[in-house]
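Biologist: I am new to this structure and would like a close look at a single part of it. Please take the open sheet, and set it in its surroundings.

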Amino acid sequence: MTELEKINYAKSYVEQLANGVNPLTGAPIPDGDLLNNVRISRCLFYANDILRQVVEKGGVTKPEKKSKKEPFSLGYEERRKFEYSDTPISIGELVKRINALIDTEKMSKMHFRCISDWLLELGFLCSDVDAQGKRFRKPTAKGTDFGLTTVRRRGENGDYIQTLYNRSAQQFILDNLDAALELYNKRQD
């Protein structure tokens, strides 16, 4: 018996057990039996699915190597497609809109720290500590003039201050995205 045949044989046993059938006799497993416990049954279905995948791959159990993604970049044509918001948005929303312009299957996503670290370097943001001792970034006077505002929000972990970016700040960031990327990439090396 080949290794693949053994795996297929084991898969058939696991599948029968998951369906509440004794693989040796073909008889239904009694309701009160441990193998009819919902959690055990789910685990057996999961194991059966893994074995099915192994059989479909011809017995290969090593995960396929993912092709390495290209580093993030955004050309000027793609930047023109950015959806600016007239209502100030968070850095998370800003980065989400930027990442929507790329093929995330082929390219790494941009991280919000790329922009926030760059704005910190330019003096538009500064680091501070809240009452709970958590570090956060907030606009400096220069940042406020630039178009950054703050709003107090309530999250699942309590209140926090969120920095928002108006349309002119969004435009400045998109216009100077290469400088932010350059700084971020230098710090990653």
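Modeller: What follows starts with the whole chain and then turns to the sheet.

This is a predicted model. The protein contains 8 helices and 5 strands. Read from the N terminus, the order of these elements is α-α-α-β-α-α-β-β-α-β-β-α-α.

Now the sheet. It is an open one built from 3 strands, arranged β1-β5-β4, with antiparallel pairing. Strands β1 (89–90) and β4 (148–155) take the edges; each has a single partner strand, so one side of each has no neighbour in the sheet. Strand β5 covers residues 158–165, and its antiparallel pairing with β1 rests on 2 bridges. In one of these contacts between strands, Ser90 has Leu164 of β5 as its bridge partner.

As for the surroundings, the radius of gyration of the protein is 27 Å, whereas a compact globule of 189 residues would have one near 16 Å. The C-alpha trace extends about 80 × 40 × 30 Å along its principal axes. Buried residues make up 28% of the 189 in the protein. Taking contacts between residues at least 6 apart in sequence, 49% link residues at least 24 apart.

Terms used. Residues are numbered from 1 along each chain as its sequence is written. This is a predicted model: local features need pLDDT of at least 70, side-chain atom pairs count only at pLDDT 80 or more; totals for chains, interfaces and linings use all residues. Side-chain values use heavy atoms; hydrogens and water are left out. Helices (H or I, at least four residues) and strands (E, at least two) are DSSP runs, numbered from the N terminus. The radius of gyration is taken over C-alpha atoms; the globule rule is 2.2 Å times the number of residues to the power 0.38. Buried means under 20% relative accessible area, exposed over 50%, partly exposed in between (1.4 Å probe, protein chains only). Contact means heavy atoms within 4.5 Å. Two strands pair if DSSP finds at least two bridges between them.
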